[in-house]
Amino acid sequence: MSAITDRLLGVPVPAGKPAKAKGGKRARRDTSSEVLPVRISGSEYGRTTSMPTRLLGFDQALIWAVVALLAWGLVMVYSATIAMPDNPRFARYSPNYFVFRHAAWLALSLLAALVVFQVRMSWWERAAPWLFVISLAMLIAVLIPHVGTVVNGARRWIALGPMNFQPSEVAKLAVLLYAADYMVRKMDVKERFFRAVLPMAVAVGVVGFLLLAQPDMGAFMVIAVIAMGILFLGGVNARMFFLIAAILVVAFAGMIAASEWRRERIFAYLDPWTEVHALGKGYQLSHALIAIGRGEIFGVGLGGSIEKLHWLPEAHTDFLMAVIGEEFGLVGVMCVIALFFWITRRIMVIGRQAIALDRVFSGLVAQGIGLWLGFQAFINIGVNLGALPTKGLTLPFMSYGGSAILVNMAAIAIVLRVDVENRQLMRGGRP
């Protein structure tokens, strides 16, 4: 293990004098071999600050932060849904229906996370292309009549007995694993657009076409950001990266311009308080802002939200953050933001440590998961606060939604597996 790697991981490096060359002059140290083939937060090894870490066990702080979000989300789902049976649409459900289903998905997700945690990263690397193909098959299957379930005009779910499963959530993880494996295989040609970037762009384009057919533009945006982030972290030329970013911006702008209902969402976001927008496409946003405003600094108290009483649609899914803002105020909103910021940063550090140990695939996967969870939380919170146009993305770990919780927990289990294998390697063992 090199001294640079030791310093990055917080392992003490014994002091010593550099060797002398002929003539009494000290030999100049060759640092050309110490530069990573991938980016680590925009810096090289030699300029990376030391980060002490425990060599035993796994990252317990990360686990407790995720558990805090899961527990808080369970309480908020109960608070946001307890009055839903008063609505004739949900009259056949009991007040505990949604919270019991959410708790069942949590239990299933924890079990799945334990299973995923046992899988070595080498297996994920070998299986990445096949998982990508399986995710494409699922995205195609959901578009088949009598297979995909239509909810609110969108065909995004596959019925599995009493539960609905959303293939786009699996696609996020599958694309992430495939992109990381792809960059490892293309590391030697990463500076060539047609050999390194174009095939990945075609793969993401196929996924995007299937998602837009549902339609699910929000999931497509997340997948595009994941793929772009891994390409950038994998060392793709900056000019190519910004070219891809510009193309995506133009593509999304074209999709919005070509779709009347998407244009109406943008106009409603710009002015949600006009009579036309407040009763139309801006209805959710205007009531989310009312909920946030009622919460003020410390909130109205748990269970005291008025907007969840059939005023704010999807209060338990896409707009759960607005209920948190109303019941816990600015303090509650800042706590959620702080937890997501810390989780994202910690995941990125774990990925950086893996790359420092020459485990590029594991490092890119971990950092891709950090980008995914951080970006999706950013979009959801921004929508609830009125900083971004309305987009149907759930808040990771907190919003009601079984398949999203399941895949999010599997992603965290993969990050913990990367962390454990890092520590095993640092102890001199084999992951």
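Mentor: Surface patches are made of residues with over 30% relative accessible area and no salt bridge, where like charges are joined within 9 Å and nonpolar side chains (Val, Leu, Ile, Met, Phe, Trp, Tyr) within 5 Å. This is a predicted model, in which local features need pLDDT of at least 70 and side-chain atom pairs count only at pLDDT 80 or more, while totals for chains, interfaces and linings use all residues. Residues are numbered from 1 along each chain as its sequence is written, and side-chain values use heavy atoms, with hydrogens and water left out.

Trainee: Which residues make the nonpolar surface patch of about 560 Å²?

Mentor: Ile-297, Phe-298, Leu-330, Val-331, Met-334 and Ile-337 make this patch, and Ile-337 has its place in helix α12.

Trainee: Why is Ile-337 called partly exposed?

Mentor: Partly exposed lies between buried (under 20% relative accessible area) and exposed (over 50%), with a 1.4 Å probe and protein chains only; Ile-337 has 31% relative accessibility, and therefore counts as partly exposed.

Trainee: What lies 3.2 Å from a polar atom of the Glu-421 side chain?

Mentor: The backbone nitrogen of Met-121 lies at that distance.

Trainee: What is the mean pLDDT of the protein, and which element has the highest?

Mentor: On pLDDT, the predictor's confidence in each residue from 0 to 100, the protein has a mean of 82, with 84% of its residues at 70 or more. Among its elements, helix α12 (residues 320-356) has the highest mean, 95, whereas helix α1 (residues 3-9) has the lowest, 47.

Terms used
Helix = DSSP H or I, 4+ residues; strand = E, 2+ residues; numbered from the N terminus. Areas by Shrake-Rupley, 256 points an atom, 1.4 Å probe, with all protein chains shown as cover. Salt bridge = Lys/Arg side-chain N within 4 Å of Asp/Glu carboxyl O. Polar contact = N/O pair within 3.5 Å; in protein donor to acceptor, adjacent residues only side chain to side chain.
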